[in-house]
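Please read this briefing with the sequence and the 3D view side by side. The topics follow one another from the whole chain down to single residues.

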Amino acid sequence: MQKFFLILFLLCFPAFLFSQKISFEFDYAQFAYDTLSNYIEFYYSFDQRTLSFINTDTSDYLAGILHIEISDSAKPDKVVDKQWLLSNEIKDSSELNRNLVGVLGFILHKGSYRIVVTATDANDSSSLRTITENVTVNPFIKQTISLSDIQLAGNILPGSENTSSIFYKNTYEVTPLPAAFCGDNQLMLFYYTEIYNIQFSPGENDLRFDEIVLNSKGQIVNSKSKRINKSVDSRVEVGKLSVYKYPTDTYTLIIDVVDSVTNYGVSSSKKFFIYNPTVVSVDTVQAPFSPVLSTTFGAMSEEELDDLFDKAEYIATDNEKDKYEALTTVEAKQEFMYIFWKARDENPSDDKNQYFQDYLSRIADANARYTAAKKDGWKTDRGRVYLVYGPPSEIERYPNETETKPYEIWKYESLEGGVVFVFGDISGFNDYQLLHSTKRGELRDDYWQRRITVH
């Protein structure tokens, strides 16, 4: 998500010395709701010093107007079109240094949305700021491990009993930090995230939870890992960063959850900015961060990597096979596998690689459906075709014909205008061999029937 940061020069001086234009920040994070929707929280922050007073006979108030419009890109109507009057009574001048911070939540169905947020001084309609975001909602409740967005916070109180607070959730009181900015008044940065579907895979193995902080050069400035068990299906993770130690820079917080047994991992990231003029930046000898470290490949052993590449040889080029065979270290193989699957990702802009996940799913399906004669399903001819081309549009099965051995005809309507694959159980051990195909590059035998005819 794009963030808006003030230039360093302005950070050194109070905003009201320059202009009375409203100072406003906005952020959001998505969390699970159900299989069709996510719950999206909007965090806002008004700098009270840039709001004008509302005077009454008994007290003085500062007030701002928050207007939120949410439009579904697939529909003409607005999903949300609301505004709120947000005010705070000022009892003494020290309260001006505190921001007016709040949170609003909405349930949004799966889809793409355009969000327009406008903040206006309640006494001066010309003093306003508008922020526009494009948001994609993909429900977190599904059949695999998933990870919510990261919410940055100015403070997190665990075990809070203040259940009436607008910041209360899951026994925590999480005060948002919409500006994602840390400085003299914000020496610690907190984060909140949720993990779902932890028990999706069998086994008692623990998951690995990684916390990584990168600077603007892509170098790791802090990292740590821990193990989390599968005793519950969802859980909350909170953490804090000692940002007073970091020099002025833009940073990225990366959270990974990895299950090395199933070769699956999820990742979420969030940018934040630190202004620390008293901390001297020291050149680091650490190598730039490799993206593979925050993916499932970074958690794989050499045996797991070799096994995965064996299963991927159907879609690998000869050049890629030669390169992998020449690799001698686990780090090189991890890097290779990351690049190999990233090159096949149809939507590289998001954190997940749907092609890779679909391929793993097909391997599991092939093993369940086509295992025969002590041969794993993915190693059979039907398994290979299923992995490379996906499920067929239609299957014609002939298991009990009197004049032929069992055979199947798979039809793919979307390939090359329509192609077929014919498989026959020649050996009688349920290991169906490819006999014929009209797909270019595959085995073609227009007289395939003779191979399955019973004499």
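Throughout this briefing, a contact, or one residue touching another, means heavy atoms within 4.5 Å. The model is predicted, so that local features need pLDDT of at least 70 and side-chain atom pairs count only at pLDDT 80 or more, while totals for chains, interfaces and linings use all residues. Residues are numbered from 1 along each chain as its sequence is written, and side-chain values use heavy atoms, with hydrogens and water left out.

**The chain as a whole**

- The chain has seven helices and 23 strands, where helices (H or I, at least four residues) and strands (E, at least two) are DSSP runs numbered from the N terminus.
- Of the 455 residues in the chain, 45% are buried; buried means under 20% relative accessible area, exposed means over 50%, and partly exposed lies in between, with a 1.4 Å probe and protein chains only.
- Among contacts between residues at least 6 apart in sequence, 62% join residues that are at least 24 apart.

- Three strands form an open sheet in the order 1-2-6 with antiparallel pairing, and two strands count as paired if DSSP finds at least two bridges between them.
- Strand 1 (24-32) and strand 6 (100-109) each have a single partner strand and stand at the edges, so one side of each is left without a neighbour in the sheet.
- Neighbouring strands of this sheet are turned by 20 degrees against each other on average, direction ignored; axes are lines fitted to C-alpha atoms, for helices over the stretch in contact, and angles run from 0 to 180 degrees between N-to-C directions.
- Strand 2 (residues 37-46) and strand 6 run antiparallel and are joined by ten bridges, and Ser37 stands opposite His109 in strand 6.

- Another open sheet is formed by five strands in the order 13-19-18-15-16, with mixed pairing.
- Its edge strands are strand 13 (181-182) and strand 16 (220-228), each of which pairs on one side only.
- Strand 15 (residues 207-214) pairs with strand 18 (residues 249-259) in the antiparallel sense over seven bridges, and the bridge partner of Val213 in strand 18 is Leu253.

**Strand 10 and its partners**

- Strand 10 (residues 151-158) pairs with strand 14 (residues 189-196) in the antiparallel sense over three bridges, and Gln151 stands opposite Tyr192 in strand 14.
- Strand 10 also pairs with strand 12 (residues 172-176), in the antiparallel sense and over five bridges, and Tyr172 in strand 12 is the bridge partner of Pro158.

**A pair of packed helices**

- Helix 3 (residues 318-326) and helix 4 (residues 330-342) pack at an angle of about 160 degrees, with their axes 10 Å apart.
- These two helices are therefore roughly antiparallel to each other, a term for angles over 145 degrees, whereas those under 35 count as roughly parallel, 65 to 115 as roughly perpendicular and the rest as oblique.
- Glu320, Lys323 and Tyr324 of helix 3 make the contact with Lys333, Phe336, Met337 and Phe340 of helix 4.
- The residues of this contact divide into four nonpolar, no polar and three charged; Ala, Val, Leu, Ile, Met, Phe, Trp, Tyr, Cys and Pro count as nonpolar, Asp, Glu, Lys and Arg as charged, and the others, Gly among them, as polar.

- Asn430 is placed in the loop between strand 22 (419-424) and strand 23 (433-437), and with a relative accessible area of 36% Asn430 is partly exposed.
- Leaving aside residues up to four places away in sequence, Asn430 touches Thr371, Ala372, Arg382 and Asp425.
- The C-alpha atoms of Asn430 and Tyr407, which are 23 residues apart along the chain, are separated by 9.8 Å.
- Most residues other than glycine have a negative phi.
- Asn430, although not a glycine, has a positive phi of about 65 degrees, and Asn170, also not a glycine, has a positive phi of about 50 degrees.
- Asn170 lies in the loop between strand 11 (168-169) and strand 12, and Asn170 is partly exposed at a relative accessible area of 42%.
- Asn134 lies in strand 8 (residues 124-137) and counts as exposed at 62% relative accessibility.
- Not counting residues up to four places away in sequence, Asn134 touches Tyr28, Tyr113 and Arg114.
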